[in-house]
Amino acid sequence: MLVKHLQTNSSQNKLELKKINKRFDDTYAVHDVSIHVKNGEFVSIVGPSGCGKSTLLNMIAGLVEPDKGEIIIEGDADGNRLGKSSYMYQKDLLLPWAKIIDNVSLSLRLKGMGRKEARSSVKDLFEIFGLEAFMYKYPFQLSGGMRQRAALMRTYVDGKSLLLLDEPFGGLDAITKAKMQDWLLEVQRELRATILFITHDIEEAIYLSDRVYVMTDRPSEIKEEVVVDLPRPRNRHLKKDERFTSMKEYLMEKFL
Ligand code: ADP
């Protein structure tokens with residue numbers, strides 16, 4: 001069974017960025033960004049479209065190099081970052097010709113595992129991700145929310161202890177999105193994953209996170225760090241709580 005607790009030592013930083021800068025032509029996509037994510041923590045970066053959030057994740061994943069600054073993953077500042085984290089995009093990017101179980105176990109196949117073994121190592125996870133009935137279906141047979149769950153499951157199976165999620169619910173309708181948020185909270189509680197989550201939705205950031213970084217448009221900097229000291233486990237009623245609404249109001253002010 002592939003279920004494993006990803007958290008090791010909660011006081012340690014899984015990820016640390018020190019004064020990261022990245023320019024495209026003459027424009028800063030990211031300017032002097034310093035953030036950290038502790039083991040087992042759920043941290044969001046919230047900001048308007050085009051402020052550099054995806055560029056930041058691409059740098060953490062090792063797909064883009066910063067011009068200046070340091071990216072430290074599990075204490076390692078010098079190593080190759082490719083393959084140190086599991087990355088999920090807004091689009092699910094499932095292979096349309098492969099069954100869900102084969103999509104989910106893709107990273108195991110790429111490591112050389114046979115199909116039978118790869119399938120049996122992921123089977124038990126389908127219950128946690130609520131997709132037991134869809135194991136042998138193709139992506140086109142699933143709803144948008146289910147496809148995102150399958151994509152997240154594949155990201156998890158990839159086995160890295162740092163998950164980078166780039167607006168995974170951005171393309172979903174409001175009701176599906178709310179359900180997915182609740183489901184993600186449950187999955188995170190179960191698996192104790194360390195998550196860096198990108199969104200432009202302030203409510204979503206507060207609801208899911210332990211801490212929220214506010215990123216501003218041009219120059220793209222971290223304007224504020226907010227600790228979300230609301231109790232867990234959380235459910236949707238929290239969104240009506242006065243502490244929640246005043247935090248939302250406070251963060252909204254940062255963008256107006
Ligand atoms: P966000 O994810 O917050 O929407 P992005 O990180 O995608 O923002 O983009 C930040 C800025 O950097 C945008 O103005 C975008 O056009 C620019 N940008 C991103 N990638 C490139 C690239 N490869 N070449 C040139 N400009 C880029």
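This is a predicted model: local features need pLDDT of at least 70, side-chain atom pairs count only at pLDDT 80 or more; totals for chains, interfaces and linings use all residues.
Ground rules. Residues are numbered from 1 along each chain as its sequence is written, and side-chain values use heavy atoms, without hydrogens or water. Local features need pLDDT of at least 70, side-chain atom pairs count only at pLDDT 80 or more, and totals for chains, interfaces and linings use all residues.

Start with strand E6, residues 162-166. Strands here are DSSP E runs of at least two residues, and helices are H or I runs of at least four, numbered from the N terminus. 5 of the 5 residues of E6 are buried, so the strand is largely enclosed by the rest of the structure. Buried means under 20% relative accessible area, exposed over 50%, partly exposed in between (1.4 Å probe, Shrake-Rupley, protein chains only).

Which way do the side chains go? Leu162, Leu164 and Asp166 point one way, Leu163 and Leu165 the other. In a regular strand, side chains alternate between the two faces of the sheet.

Now the neighbours. Strands pair if DSSP finds at least two bridges between them. E5, residues 86-88, runs parallel to E6 with 3 bridges. Tyr87 has Leu164 as its bridge partner. E7, residues 194-199, is also parallel to E6, with 5 bridges. There, Leu165 stands opposite Phe197.

On to the surface. Leu63, Leu82, Tyr89 and Leu93 form a nonpolar patch, about 370 Å² of accessible area together. Tyr89 sits in the loop between E5 and helix H2. At 34%, Tyr89 is partly exposed.

Methods:
Patches are made of residues with over 30% relative accessible area and no salt bridge: like charges are joined within 9 Å, nonpolar side chains (Val, Leu, Ile, Met, Phe, Trp, Tyr) within 5 Å. A salt bridge is a side-chain nitrogen of Lys or Arg within 4 Å of a carboxyl oxygen of Asp or Glu.
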